Amino acid sequence: MTWMTTAHGKSRSVKAAGQWFAAKARAAGVCGRSAHGLRKSRARALAEAEGTSAQIGAWTGHESPSEIERYIRNFNKRKVLSSTKTEQKVPTQTTKVPNLQKK
């Protein structure tokens, strides 16, 4: 399946498509952006929306389940660390350790 073609109607390679995207972004005044960054951003957004591996893979075109699972794992780590505001307000318990003096 061909998604992007050249001016002559030929299929673009993956590398050529990425270069085309970066050039168009620069021309629009958006520097430092790439097609890979857009793909990664979308995969991350789908993982945050609790999308399935199949949904993420269908959008990003990843064929490797392990690559898709990496996005989901990374999101799950962030989700656990950010937790809810109520959980963040729980005070940390401090335990006093007795000062043991040498005899």
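This is a predicted model: local features need pLDDT of at least 70, side-chain atom pairs count only at pLDDT 80 or more; totals for chains, interfaces and linings use all residues.

Trainee: What makes the charged end of Arg42 count as sitting over the ring of Trp59?

Mentor: The distance to the ring centre is 5.3 Å, and the rule asks for CZ of Arg within 6 Å of the centre and within 35 degrees of the ring normal. The pair Arg42 and Trp59 is listed as meeting that rule.

Trainee: And how many aromatic pairs are there?

Mentor: The count comes to zero; a pair would need ring centres within 6.5 Å.

Trainee: Let's move on to Thr60. Why is Thr60 called buried?

Mentor: Its relative accessible area is 9%, and buried means under 20%, so Thr60 qualifies. Thr60 lies in helix H3, and beyond its neighbours within four places in sequence it is in contact with Arg39 and Ala43.

Trainee: What makes the link between the side chains of Thr60 and His62 a polar contact?

Mentor: The side chains are joined at 2.5 Å, and the limit for such a pair of N or O atoms is 3.5 Å.

Trainee: Which residues of H3 are buried?

Mentor: In H3, residues 53-60, they are Ile56, Gly57 and Thr60.

Trainee: How do you know that the buried residues of H3 line one face?

Mentor: Looking down the axis of H3, they fall within an arc of 95°, so they line one face of the helix. An α-helix has 3.6 residues a turn, so residues three or four places apart point the same way. The face of H3 turned away from the buried side carries Ala54 and Ala58, which are exposed. After H3 comes Gly61, with a positive phi near 85°.

Trainee: Why does Gly51 count as buried?

Mentor: Gly51 has 16% relative accessibility, and the cut-off is under 20%, so the label holds. Gly51 is in the loop between helix H2 (35-48) and H3. Setting aside neighbours within four places in sequence, its contacts are Leu46, Ile56 and Ile72. With Ile72 the C-alpha to C-alpha distance is 8.6 Å, at 21 residues apart in sequence.

Trainee: What about the chain as a whole?

Mentor: There are five helices and zero strands, and 15% of the 103 residues count as buried.

Terms used. Residues are numbered from 1 along each chain as its sequence is written. Side-chain values use heavy atoms; hydrogens and water are left out. Buried means under 20% relative accessible area, exposed over 50%, partly exposed in between (1.4 Å probe, protein chains only). Helices (H or I, at least four residues) and strands (E, at least two) are DSSP runs, numbered from the N terminus. The arc is that of the directions from the helix axis to the C-beta atoms. Rings of Phe, Tyr and Trp (its six-membered ring) pair if their centres lie within 6.5 Å; planes under 30 degrees apart count as stacked, over 60 as edge-to-face and the rest as tilted. A polar contact is a pair of N or O atoms within 3.5 Å; within protein, one must be able to donate a hydrogen and the other to accept it, and residues adjacent in sequence count only if both atoms are side-chain atoms. Contact means heavy atoms within 4.5 Å.
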